[in-house]
Amino acid sequence: MVTYSCIEEKDLDQIIALYETYLNRGGYIRDTIRKEFHTDDYLGLKACDGGKLVGFFSGQGGIGFTYPHPELENEIREVAGDRKLYTPDGLLVLEAYRKKGVAKELVRRMKRALLSKKVALALVELWIYPDGSVPAQNPLRGIGEAVYQKKIPLFYKDLKKYNIKCPICGDDCRCGALIELLEVRGRDRNGGGYE
């Protein structure tokens, strides 16, 4: 049975291993994950089956792209204005547990946590794979409706400068990104309320 709880410091090595296997890898990524964990605005949820970590969803307060994009960050700040902003990052569910509601439950719990922190907007950076697919888009829409959207081809072209490797493309990343600001509201997509 899958259970859900907050990520603890003892989980970080497993989180990093999964992150580096399925998302991005490199010293910059490892350092960023550890640094974010120790901030007051960190939110991290894990899904476990027995003692095995099978999924997680984490993030930070403010703007946090895979690596800095100053012009885009300024544009996001202008759109967000004085509304409280949070960047969900690293939604991952192991393949054997996909299509079983694990991602949906992680997103539902994250939304509740965001609401409890009075977050108004969630900034999501969604990979656009070289084949054009955007794998995480549907589950993340459970947070809220997009009020801002921008597709950026070759968003990760400078990964090498930050010693980051793309697990799909390697050193020469051809992936783009879909950047969205999602409005966090107190009702789910089906009109149900949250406690």
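In the protein chain, confidence is lowest in α5, at a mean pLDDT of 78, and highest in α3, at 96. pLDDT is the predictor's own confidence in each residue, from 0 to 100. This is a predicted model, so to speak of its local features I need pLDDT of at least 70, and side-chain atom pairs count only at pLDDT 80 or more, while totals for chains, interfaces and linings use all residues. Residues are numbered from 1 along each chain as its sequence is written, and side-chain values use heavy atoms, with hydrogens and water left out.

Over the protein chain, the mean pLDDT is 87, and 95% of the residues reach 70 or more. Residues 188-195 stay under 50, and there the model has 17 contacts beyond four places in sequence; contact means heavy atoms within 4.5 Å. Where pLDDT is low, the predicted coordinates should not be read in detail.

Now the sheet. Helices (H or I, at least four residues) and strands (E, at least two) are DSSP runs, numbered from the N terminus. Two strands pair if DSSP finds at least two bridges between them. The sheet is open, with 7 strands in the order β1-β2-β3-β4-β5-β7-β6 and mixed pairing. β1 (2-6) and β6 (144-152) are at the edges with a single partner strand each, so one side of each has no neighbour in the sheet. Neighbouring strands are turned by 20 degrees against each other on average, direction ignored. Axes are lines fitted to C-alpha atoms, for helices over the stretch in contact, and angles run from 0 to 180 degrees between N-to-C directions.

β5 (residues 121-128) and β7 (residues 176-184) run antiparallel, joined by 8 bridges. Within that pair, Glu125 stands opposite Ile179.

Helix α3 (residues 70-80) packs on the sheet, touching β4 (85-93), β5, β6 and β7, and its direction makes about 155 degrees with that of β6. Helix α4 (residues 102-116) also packs on the sheet; its contacts include β1 and β2 (43-49), and its direction makes about 150 degrees with that of β2.

On a 1 Å grid over the protein atoms alone, a cavity is a set of points where a 1.4 Å probe fits but cannot get out, and a pocket is an open set with protein on both sides within 12 Å along at least five of seven lines; lining residues have an atom within 4 Å of a point.

How many residues line the largest pocket? The lining has 32, with Leu23, Leu91, Leu92, Pro135 and Ala136 nearest the centre. β4 gives the largest share of that lining, 7 residues.

A search of the whole structure finds 1 cavity of 30 Å³ or more; a volume is the space filled by probe spheres set on the points, which are joined across faces, edges and corners. Its lining includes Ile15, Tyr19, Glu36 and Asp89.
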